[in-house]
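Reader: I have a model open and some terms to check. Can we go through what backs them up?

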Amino acid sequence: MSQTTHPSSPNTRILFVKRPDGWPDASCFQTEACPEPECGAQDVVVQALWLSLDPYLRGRMNAGTSYAPGFVLGKPIVSRVVARVIASRNDRYREGDYVWGFLDWALRMVVPRGEGLYRIDPALGRPSLAISALGMPGLTAWVGAIELGKPTPGDTVYISSAAGTIGQLAGQFAKQTGARVIGSVGSDDKRDFVVKHCGYDAAFNYKTRNMDEALQELAPNGIDVYLDNVGGTTLEAALRHANVGARFPICGMISRYNETTDPGIRGMQLMVSKRIRMTGYIINDHVHKLPAYQQRAAQWFRSGAMQFHEDIVHGIEQAPAALIGMMQGEAMGKRLVQVAAA
Ligand SMILES: NC(=O)c1ccc[n+]([C@@H]2O[C@H](COP(=O)([O-])OP(=O)(O)OC[C@H]3O[C@@H](n4cnc5c(N)ncnc54)[C@H](OP(=O)(O)O)[C@@H]3O)[C@@H](O)[C@H]2O)c1
């Protein structure tokens, strides 16, 4: 075995050490020094660059499996990570390659036989986009806003958490179809951001405005497509303002992820009278569409026709607080933790 040494910073990782009851806090995580990885036969050693912070990671902190297995206590947190190959004894990877995979929150690690790594094509755009706009989150926005939402010119499309990863992309995709696009966000800065940069015709701050009044004003002809990222009272308001035949792609329900009780959704009978088609989806079922999506979407971001905003926190030790802060709404755009220079 050959050992990979990095005098610049000692290797560090983040362990998951306590299941939260409600909101997670710092005591759920432990930052510790760890040995430098060793590159065995057929193995690949990578230097992590960007860690992706996603709402579904909260579900993985619970015991059992929802659609992704629960994290194991005492083991590192795992999420999508963009990394650079720093040693390889595997013919498929060379030093300097950019890759992504579901990897530990660690600065450097060995990937046995390189399994679970995906090479990033540098021609598509900056490497971090492989786990955001040109990766599964981008495809999630596409499937929800376009394939399931099926907006047509003149429709009104409403997207919650509009300034987030999915929201900023879904708004731009929906706008391309000739629909009117409106969104809800948690601050006035986010409201201005989505209207200026993400294709939204209008947006409102759900923390300071009555949702019924805002939807009445911004969607006077009713909602034809509601892409739900939030659930709860936001979904209830969308049901009240939906048109007959509306499509409701249900992407996520972040307003409930840290709650210990489930008060349910009121007004579901409106699905019958309004013939609403509500479709829950998980992007893992659509992964075969990723290469075609990447080829299509890469040119939009390269040409500047579309924008994608990253909210970058620096330093692996900041990752737990950055994850909690993301769920509390402090990020503008896609939250990543950069742990090394690219
Ligand atoms: N179905 C799938 O396969 C799939 C794949 C990826 C993501 N998702 C889901 O898609 C949704 C968005 O994910 P994302 O990665 O794009 O996250 P994100 O929107 O970038 O970040 C989460 C945002 O949720 C908002 N939020 C938190 N609590 C809220 C509440 N109580 N009410 C309203 N908004 C709240 C916050 O924004 P504000 O400041 O605006 O409140 C926060 O910034 C999540 O529900 C996620 O689970 C589903």
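Predicted model: local features only at pLDDT ≥ 70, side-chain atom pairs only at ≥ 80, totals over all residues.

Reader: How many residues surround the ligand, and which are the closest?

Author: The shell holds 30 residues. G164, G186, G252, S255 and G329 are the closest. The elements giving two or more residues are α2 (136–148), α3 (165–176) and α9 (319–327).

Reader: What makes a residue count as part of that surrounding set?

Author: Its C-beta atom, placed from the backbone, must lie within 6 Å of the molecule.

Reader: How does the shell around the ligand divide by class?

Author: There are 16 nonpolar, 12 polar and two charged residues. Gly counts as polar here.

Reader: Why is the ligand said to lie between domain 1 and domain 2?

Author: Because both give residues to the shell. Domain 1 covers 2–131 + 309–338, and domain 2 covers 136–284.

Reader: Which hand does the crossing of α5 and α6 have?

Author: Right-handed.

Reader: Which residues of α5 and α6 meet?

Author: From α5, M211, D212 and L215. From α6, T234, A237, R240 and H241. This contact has three nonpolar, two polar and two charged residues.

Technical notes. Residues numbered from 1 in each chain as written. Helix = DSSP H or I, 4+ residues; strand = E, 2+ residues; numbered from the N terminus. Domains from an automatic or database assignment. Left-handed = near helix turned anticlockwise from the far one by under 90°. Contact = placed C-beta atoms within 7 Å.
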